[in-house]
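This report examines how the parts of a protein chain are arranged. Please study the sequence and the structure shown below before reading on.

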Amino acid sequence: MYKYLFGPVPSRRLGMSLGIDLVPKKVCSLDCVYCEVGKTTKLTVDRKEYIPFDKITAELSHYFDGDNPDPDFVTFSGSGEPTLNSRIGDIVRFIKNRKPNVPTAVLTNGTLLYDKNVREAISGADVVLPSLDAADEETFHKINRPHHTINIDNYMEGLISFRKKYKGKIWLEVFILPEYNDNKKALDEIRKAVMKIEPDLLHLNTLDRPGTLKNLRGATRDELQRTVGYLNMKHAEIIAASPQRKNILSYRKDAETAILETIMRRPCTPDDLSKILGRHTNEINKYLDVLEAENKIEAIQQERGYFYQVKNK
């Protein structure tokens with residue numbers, strides 16, 4: 001198991017995706033109520049070399065030099081906000097030099113794009129997937145709980161400025177949470193913002209599993225369809241349902257089986273499963289999505305968090 005690389009994992013949007021973790025868990029500029037990685041432990045906008053460039057490129061070289069198939073994408077994601085790593089641009093260039101035929105993708109919350117250095121650093125990526133869950137200050141704070149220096153104006157300014165010069169594809173994700181951002185006012189503001197940002201695709205997503213707050217629920221398929229209709233925007237689509245991950249080449253039945261066999265013995269959190277099975281938490285989460293969608297497992301709230309167990313039928 002690599003320390004900073006994970007996967008390839010079955011991604012709903014990026015196929016067979018080799019992930020790169022550029023910051024420790026969980027260093028982020030937001031503390032989103034729905035985050036599947038967990039509560040932010042270091043809320044910051046300070047950019048630095050959280051994980052050394054040499055350590056990441058050593059693992060990438062080992063992977064590329066080994067008997068491994070080229071992934072569909074090399075994806076900057078992982079345990080926090082990847083643009084907080086000040087060497088992200090250097091790593092994008094390293095991959096382009098080593099594997100020019102393999103596209104790169106950056107999953108970012110987009111909050112640091114007001115910084116010209118950040119915009120330039122990720123400009124070499126083929127696809128950037130920023131998120132925009134709210135376009136008004138009240139909803140932004142309610143859902144995303146940002147670092148105190150971030151406000152909706154500099155957030156929006158960054159996304160719009162990035163679009164003006166970036167030559168690659170932007171796939172903008174809006175995470176719909178019932179009773180948070182599915183009302184007329186919030187959706188009207190999101191629509192106006194999307195028209196200014198002009199992404200190539202607009203992806204609507206929702207909660208698959210428990211977030212960091214109790215009593216959150218994901219939007220139903222019908223609710224998401226109504227939201228798409230209300231927004232009435234070109235290139236808007238709902239991200240494919242979790243079970244469709246099984247159709248992706250990188251989906252590993254042995255990983256699914258290992259998770260089921262482990263939680264048959266005792267309920268586990270995603271972090272527990274990551275340590276026991278030697279897989280990155282993000283990879284574990286992908287398989288939990290599928291198993292829960294298939295009604296094979298369930299999450300139980302306990303003092304230490306959500307524990308997954310096999311569902312009694």
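Is Arg93 buried or exposed, or does it fall in between? Arg93 is partly exposed, because its relative accessible area is 47%; buried means under 20% relative accessible area, exposed over 50%, and partly exposed in between, with a 1.4 Å probe and protein chains only.

The model is predicted, so local features need pLDDT of at least 70 and side-chain atom pairs count only at pLDDT 80 or more, while totals for chains, interfaces and linings use all residues. Residues are numbered from 1 along each chain as its sequence is written, and side-chain values use heavy atoms, with hydrogens and water left out.

## The sheet

Helices (H or I, at least four residues) and strands (E, at least two) are DSSP runs, numbered from the N terminus. Eight strands form an open sheet with mixed pairing, in the order S1-S2-S5-S6-S7-S8-S9-S10. Two strands pair if DSSP finds at least two bridges between them. At the edges lie strand S1 (5-11) and strand S10 (236-238), each of which pairs on one side only. On average, neighbouring strands of this sheet are turned by 25° against each other, direction ignored.

Within the sheet, strand S6 (residues 104-108) pairs with strand S7 (residues 127-130) in the parallel sense, over four bridges. Thr108 has Pro130 in S7 as its bridge partner.

Helix H2 (residues 88-98) lies across strand S2 (15-21), strand S5 (73-77) and S6. This helix runs at about 170° to S5. Such axes are lines fitted to C-alpha atoms, for helices over the stretch in contact, and angles run from 0 to 180 degrees between N-to-C directions.

## Two helix pairs

Two packed helices are described by the angle between their axes and the distance between the axes. Helix H5 (residues 152-165) and helix H6 (residues 184-197) pack at about 30°, with their axes 9 Å apart. H5 and H6 are therefore roughly parallel to each other; angles under 35 degrees count as roughly parallel, over 145 as roughly antiparallel, 65 to 115 as roughly perpendicular and the rest as oblique.

From H5, the residues Met156, Leu159, Ile160 and Arg163 meet Ala193, Lys196 and Ile197 in H6, where contact means heavy atoms within 4.5 Å. By class, this contact of H5 with H6 holds five nonpolar, no polar and two charged residues. Ala, Val, Leu, Ile, Met, Phe, Trp, Tyr, Cys and Pro count as nonpolar, Asp, Glu, Lys and Arg as charged, and the others, Gly among them, as polar.

Met156 has its place in helix H5 and counts as buried because its relative accessibility is 12%. Leaving aside neighbours within four places in sequence, Met156 is in contact with Leu132, Ala193 and Ile197.

Helix H8 (residues 253-265) and helix H10 (residues 281-293) have axes that come within 10 Å and cross at roughly 80°. H8 is therefore roughly perpendicular to H10. In this pair, Ala255, Glu256, Ile259 and Leu260 of H8 meet Ile284, Tyr287, Leu288, Val290 and Leu291 of H10. The contact of H8 with H10 divides into eight nonpolar, no polar and one charged residue.

## Salt bridges

A salt bridge is a side-chain nitrogen of Lys or Arg within 4 Å of a carboxyl oxygen of Asp or Glu. By this rule the count comes to 17 salt bridges. The table lists some of them.

| Salt bridge | N to O distance |
|---|---|
| Asp90 and Arg93 | 2.6 Å |
| Asp200 and Arg163 | 3.0 Å |
| Glu189 and Lys192 | 3.1 Å |

Asp90 and Arg93 are three residues apart in helix H2, so about one helical turn separates them. Asp90 counts as partly exposed, at 26% relative accessibility. Glu49, Arg87, Asp90 and Arg93 are linked in a network of salt bridges.

Glu189 and Lys192 both lie in helix H6, three residues apart, about one turn of the helix. Both are partly exposed, Glu189 with a relative accessible area of 25% and Lys192 at 45% relative accessibility.
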